[in-house]
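User: I would like to learn how to read a few features in a structure, starting with contacts between charged side chains. Could you take me through them one at a time?

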Amino acid sequence: MTPELRAALEPVTGEIDSVRPVGGGSISASFSLLTRGGERYFLKTQAAELADLFDAEADGLAALSDCGCISVPRPLASGVVAAQSYLLLQYLDFAGDRDAAAAELGRRLAEQHGRPMTEFGWPRDNFIGSTPQPNGTTGDWIGFLRDKRLGFQFELAACNGFAGELQRLGRKLLARLPEFFDETPRASLLHGDLWGGNWGALAGGRP
């Protein structure tokens, strides 16, 4: 850890005693921080030019935390120092029985998805991995799915050399999207990157 990064973190964490690398991520470097007072924190770092990824991640985590349905790490600080961006998070200790918590995860996800949102989308753009994802909010589900999700992915594919039949079928799909929906789905708060490697169980079985 650079002296500049330590100086940026310690007003939040207190004096940092040890820094341990944590594996599992493919975009950021991750670390477990332990302070002299025995508190533990989770830190992610990456290049300064990717700071927007951390800003978007902190925004999403704050929204999920405010929902209160599933435990997520609270964002504590973020910024750029010495050509390095960082995101400091609450540390969650996955010490529980993951298999036993799976059903509770499903119940809590159902509760989260049952909390209605007023519009589809999100107030700010964010990312899929490191790929920018356009958002904005609207009451038009078909328009959002067509323009901000599927259509945008077809555009990216075209920019990366995937043209021809894929684009022809893509245009056909986008034109027929309304046929897939008997009624407008209810807008709700979703976790945008929920997969098997991205959840765990805390002590006591809370997912």
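User: Which residue does Glu-104 meet in a salt bridge?

Analyst: A salt bridge here is a side-chain nitrogen of Lys or Arg within 4 Å of a carboxyl oxygen of Asp or Glu. In this structure the side chain of Glu-104 meets that of Arg-107, at 2.9 Å from N to O. This is a predicted model, in which local features need pLDDT of at least 70 and side-chain atom pairs count only at pLDDT 80 or more, while totals for chains, interfaces and linings use all residues. Residues are numbered from 1 along each chain as its sequence is written, and side-chain values use heavy atoms, with hydrogens and water left out.

User: Where do Glu-104 and Arg-107 lie relative to each other in helix H3?

Analyst: An α-helix has 3.6 residues a turn, so residues three or four places apart point the same way. Glu-104 and Arg-107 are 3 residues apart in helix H3, a separation of about one helical turn; helices (H or I, at least four residues) and strands (E, at least two) are DSSP runs, numbered from the N terminus. For accessibility, buried means under 20% relative accessible area, exposed over 50%, and partly exposed in between, with a 1.4 Å probe and protein chains only. On that scale Glu-104 is partly exposed at 21%, whereas Arg-107 is exposed at 53%.

User: Which parts of the chain does the pair of Glu-15 and Arg-36 link?

Analyst: The closest N and O atoms of Glu-15 and Arg-36 are 2.9 Å apart in their salt bridge. This pair links distant parts of the chain, since Glu-15 sits in the loop between helix H1 (3-13) and S1, and Arg-36 in the loop between S2 and S3, 21 residues apart. Glu-15 is partly exposed, at 46% relative accessible area, while Arg-36 is exposed, at 56%. Both belong to a network of salt bridges that also takes in Asp-17, and the structure holds 10 salt bridges.

User: How should I read the sheet, and in what order do its strands stand?

Analyst: Strands of a sheet pair through backbone hydrogen bonds, either parallel or antiparallel. Two strands count as paired if DSSP finds at least two bridges between them. Here 5 strands form an open sheet in the order S1-S2-S3-S5-S4, with antiparallel pairing. S1 and S4 stand at the edges with a single partner strand each, so one side of each has no neighbour in the sheet. Between strand S1 (residues 16-22) and strand S2 (residues 29-35) there are 6 bridges, with Val-19 partnered by Leu-33 of S2. S3 and S5 are joined by 7 bridges, and there Gln-46 has Ser-85 of S5 as its bridge partner.

User: What are the buried residues of H2, and what covers them?

Analyst: Helix H2 (residues 51-67) buries Ala-51, Leu-53, Phe-54, Ala-56, Ala-58, Leu-61, Ala-63, Leu-64 and Cys-67. Their cover includes strand S3 (40-47), strand S4 (75-81), strand S5 (84-90), helix H3 (98-113), strand S6 (120-122) and strand S7 (126-128), where contact means heavy atoms within 4.5 Å. After H2 comes Gly-68, whose phi is positive, near 80°.
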